[in-house]
Amino acid sequence: MSEVSYRDLSFNGLWKNNPAIVQLLGLCPLLAVTGSVVNAIGLGVATTMVLVCSNTSVSLIRNVVSDAVRLPAFVMIIAAAVTCIELLMQAFAYEMYQILGIFLPLITTNCVILGRADGFAAKNALGPSIYDGFIMGVGFSIILLLLGGLRELSGTGALFANMDLLFGPGAASWKVVVFEDYQPFLLAILPPGAFIFTGLLIALKNLIDDRIKKRQDALKERPVKGAKRVRVTGTIS
Amino acid sequence: MLARSMTRNGVLLGLFAVCTTLLIAGTYLSTRDKIALEKRRAEEKALLEVVPRSRHDNSMLDETMPVGPEAEGLGLREQKRIYVARSGSEVVAVVIPVTAPDGYTDAIDLIVGVNADGTVAGVRALAHKETPGLGDKVDIKKSDWVLGFEGRSLENPEPSGWAVKKDRGVFDQFTGATITPRAVVAATLRALQYAQANREVLFGDGDEAPVGGS
């Protein structure tokens with residue numbers, strides 16, 4: 001595991017091993033707060049910050065802690081990171097803090113974070129660990145954003161409402177009313193809507209993966225035919 | 001061997017606990033003042049929506065009267081404060097906290113601003129868990145329904161009219177939600193009645209504590 005390519009890490013975090021729609025980790029906050037884009041951004045940023053902090057510290061201490069006390073130590077680090085970020089958010093984005101409510105401290109129990117700490121940062125050097133935390137956070141945030149956008153649009157007919165909660169008073173005008181006189185579609189905003197849209201996103205990802213795989217298989221077939229002949233005369237290693 | 005590993009791990013975890021605690025304590029200390037300021041600002045924001053700065057010249061957060069669960073009609077579950085807005089020495093309005101226990105999901109915490117002439121200065125929902133898209137229209141961020149209370153008083157309409165239209169009152173209900181507006185209308189009425197019953201104390205010199213305070 002010493003040689004880690006940043007390209008692989010990015011591909012892993014954003015697509016192949018996306019925490020939200022492939023590993024299906026952290027579903028509780030994912031489903032609960034993605035009623036709008038602004039909530040999604042808030043939780044996404046907080047989760048990413050926690051992931052980077054926890055991966056950094058876990059990677060730094062990976063040679064100090066023994067296997068037996070590894071998990072309690074990690075959990076302590078994660079809880080501390082979450083508490084600090086909660087305080088910072090309270091200080092600098094108070095209204096966002098109020099909206100995210102209980103889901104902010106609950107980031108501690110988001111399996112993505114412990115999963116990355118134990119599965120990656122505990123075995124890898126500092127640089128890749130920080131990057132892995134960051135890119136996994138981004139992968140998670142992208143799904144949060146997609147879900148938030150889809151649900152807000154289908155639920156209220158508008159996008160980017162209340163952005164001033166995060167970006168200051170100037171952002172109040174960012175709201176885009178896509179459909180005038182839209183009859184709110186309640187299901188999309190309620191938790192069942194979150195399940196349905198998450199399901200659709202997973203299905204879409206699988207569909208794209210299938211397509212890519214088929215195309216790659218089609219490309220592979222030709223060289224394989226040629227290779228067989230070579231093997232007949234040579235030694236198979 | 002076992003004892004040694006136990007000691008080592010124990011000390012290690014203890015060190016971690018100390019480090020993380022220090023980190024949290026540091027963050028807490030460095031953000032404490034800012035958080036207190038933000039909380040105050042958020043609290044004041046709702047008050048200023050009800051009684052705008054142009055109508056008073058005191059700091060409402062600093063001029064308060066305690067009011068608690070004993071206060072009749074307000075339905076409070078904990079100690080809260082009545083905020084007094086003054087212009088000069090004259091009380092122009094008071095902002096009364098009131099809890100509607102009969103919201104659809106849970107109790108709804110409201111503030112009701114009452115002008116010196118007994119009319120409603122404004123109503124805002126501070127905390128509620130009403131259904132998104134239906135009952136949450138009591139929230140000014142979602143709908144301007146609560147603005148319909150402004151200027152109303154105990155005579156306008158008559159007490160029998162203080163109900164949603166479905167109950168032969170004068171206030172609109174929302175499409176698909178009757179329970180939430182019903183609860184808010186009733187709570188606003190109770191706040192007005194409380195203001196009338198304690199008129200002397202609320203709009204007087206402010207030396208005495210209101211009934212139900214402690």
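## Fold of chain A

What pattern does chain A follow, read along the sequence? In this predicted model, the order is α-α-α-α-α-α-α-β-α-β-α-α. That gives chain A 10 helices and 2 strands.

The C-alpha trace of chain A spans about 75 × 50 × 30 Å along its principal axes. Chain A has 237 residues, and 42% of them are buried. Take the contacts in chain A with a separation of 6 or more: 76% come from residues 24 or more positions apart.

## Helix α6 of chain A

Helix α6 of chain A covers residues 111-121. Its buried residues are Val112(A), Ile113(A), Arg116(A), Ala117(A), Phe120(A) and Ala121(A). Viewed down the axis of α6(A), these buried residues fall within an arc of 130 degrees, so they line one face of the helix. An α-helix has 3.6 residues a turn, so residues three or four places apart point the same way.

What do the buried residues of α6(A) pack against? Their partners in chain A are α1 (6-16), α3 (37-60), α4 (70-92) and α7 (126-156). At the N-terminal end, Asn110(A) caps α6(A). A side-chain oxygen of Asn110(A) lies 3.0 Å from the backbone nitrogen of Val112(A).

The contact of α4(A) with α1(B) has 17 nonpolar residues, 5 polar and 3 charged.

Conventions: Residues are numbered from 1 along each chain as its sequence is written. Chains are lettered from A and ligands numbered from 1 in the order in which they are written. This is a predicted model: local features need pLDDT of at least 70, side-chain atom pairs count only at pLDDT 80 or more; totals for chains, interfaces and linings use all residues. Side-chain values use heavy atoms; hydrogens and water are left out. Buried means under 20% relative accessible area, exposed over 50%, partly exposed in between (1.4 Å probe, protein chains only). Helices (H or I, at least four residues) and strands (E, at least two) are DSSP runs, numbered from the N terminus. The arc is that of the directions from the helix axis to the C-beta atoms. Contact means heavy atoms within 4.5 Å. A polar contact is a pair of N or O atoms within 3.5 Å; within protein, one must be able to donate a hydrogen and the other to accept it, and residues adjacent in sequence count only if both atoms are side-chain atoms. Ala, Val, Leu, Ile, Met, Phe, Trp, Tyr, Cys and Pro count as nonpolar, Asp, Glu, Lys and Arg as charged, and the others, Gly among them, as polar.
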